[in-house]
Amino acid sequence: MMTDAQELILEQVRKYHREQQSDPGFVPGVTPLLPSGAVIDEDDRVALVGAALDLRIAAGVSSRRFERAFARTLGLRKAHLTNSGSSANLLALTALTQRELGDRRLRPGDEVITVACGFPTTVSPILQNGLVPVFVDVELGTYNTTAERVAAAIGPRTRAIMIAHALGNPYPADEIAELARRHDLFFVEDNCDAVGSYLHGRLTGTFGHLATTSFYPAHHLTMGEGGCVLTNDLKLARVVESLRDWGRDCWCEPGENDTCRKRFGQQQGLLPFGYDHKYTFSHVGYNLKNTDLQAALGLSQLGKLAEFGAARRRNWQRLRDELDGVPGLILPGPTPGSDPSWFGFVLTVEPDAGFTRRDLVAYLEARRIGTRVLFAGNLTRHPAFADQTYRVVGELTNSDVITDHTFWIGVYPGLTTEMIEYMARSVREFVAGRR
Ligand SMILES: Cc1ncc(COP(=O)(O)O)c(C=O)c1O
């Protein structure tokens, strides 16, 4: 029940939100058109302030509600919130190294197949766990790898596959899941950029043993900072939870005690009998928890996932239609059988286009059209990888093309049709002036 004071404050929050929203209108070349951003409405702001008024500054009731609701949205049994998508990736992969998995656990020196081109923290957990990334190339146009490339990379020490769906576009996760099954490999889907995307009618993030998401403002749903690990496997879920929560064996919520009814009645490790279960540690863990402020915002955002996805698809399609046939550019396309909830609109400048990415990006940025490169491009070319152990299978030709010639512009729901048309017109005008 809300008190009168709470109601009054939240009413003022709504008023404040409306004041902040006074729309100056879109002024081409002046209004910044971000490549991505959070879309926060009145209800979101109220949810966030409401949690703050209740001083729910650690994880609590909204976090658990979000976890249940998000797992339900994806049709999976368990979701565990984290403080970021990178933390979610770290937890997902680290869970696969734990003793609960017996002989199947990943051990130092084991190999994990991934792609060379993408976001670094899909790969960092592989190295952070003493494992060896095996890099394969991706395709131009979809910016994803193929099951054939992954199959060619499987060697005697391969134990897992961990790949991100590129900018919302699903890779053939069904075929890769089947490969994983046949070769007894674990499969982790980094779904940070693709929440709400479908492959053959099935949501991405539901094909692997584990999936991860990010709730940073650029992503499909936001909590400011945040992430999630999802799985259907209750054993893996329990390990993820423990690793997230300091490695503890106990699962009581803050303020709860003895939900296992054996708090002082167990023999654990070499501890004295009955050592407090709340302080018994079964994993070498982290603290990667979120707060209820984040989760309250996330819950409010979750109801808008379908609407956000529709706007992303609409914006992407308009750019695709408007730019069709423009010379010198490789336009993006969905992978076969997919219905992507796009993260961005990717363009690759053909090497013989008569202009460079640098020229085009400079032109767009001068018109206040925000651009981004495809994250790291070829990760192996970064200083961080200079002294790391990894294996490359095949040539990384396309990853290099992407590093040199690819960028993306926004499709997020904050962009209107008028803005999208201006973006497309700007690209067309630039190309027309250079040929
Ligand atoms: C594919 C992918 N994985 C992981 C992350 C990391 O998410 P976060 O920024 O929440 O740590 C990102 C970030 O954008 C990403 O694009």
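This is a predicted model: local features need pLDDT of at least 70, side-chain atom pairs count only at pLDDT 80 or more; totals for chains, interfaces and linings use all residues.

I started with the shell around the ligand: H4 gives the most to it, with three residues.

I get 15 residues surrounding the ligand, and the closest are Gly85, Ser86, Asp190, Asp193 and Ser214. By class, I see four nonpolar, nine polar and two charged residues in the shell.

Then I checked polar distances. For Asp190, I find an N or O atom of the side chain 2.7 Å from a nitrogen atom of the ligand. Asp193 puts a polar side-chain atom 2.8 Å from a ligand oxygen atom. Ser214 has a side-chain N or O atom 2.7 Å from an oxygen atom of the ligand. I also looked up the area: the ligand alone exposes 390 Å², and the protein buries 91% of that. Helix H4 (85–95) and helix H5 (120–128) are the elements that give two or more residues to the shell.

On to the sheet. I read it as open, with eight strands in the order E1-E9-E8-E5-E4-E2-E3-E13 and mixed pairing. Strand E1 (78–82) and strand E13 (391–392) are the edges, each pairing on one side only.

I followed Ser214 into the sheet, where it stands opposite Gly227 in E9. Strands E8 (residues 210–214) and E9 (residues 227–231) run antiparallel, joined by four bridges.

Last, the helices. Helix H3 (residues 61–74) packs on the sheet and touches E1, E8 and E9, with its direction at about 130° to that of E1. H4 lies across E1, E4, E5, E8 and E9, and I noted about 165° between H4 and E8.

Definitions and conventions. Residues are numbered from 1 along each chain as its sequence is written. Side-chain values use heavy atoms; hydrogens and water are left out. A residue is near a molecule or strand if one of its heavy atoms lies within 4 Å of it. A polar contact is a pair of N or O atoms within 3.5 Å; within protein, one must be able to donate a hydrogen and the other to accept it, and residues adjacent in sequence count only if both atoms are side-chain atoms. Accessible areas come from the Shrake-Rupley method with a 1.4 Å probe; for residues, only the protein chains shown count as cover. Ala, Val, Leu, Ile, Met, Phe, Trp, Tyr, Cys and Pro count as nonpolar, Asp, Glu, Lys and Arg as charged, and the others, Gly among them, as polar. Two strands pair if DSSP finds at least two bridges between them. Contact means heavy atoms within 4.5 Å. Axes are lines fitted to C-alpha atoms, for helices over the stretch in contact, and angles run from 0 to 180 degrees between N-to-C directions.
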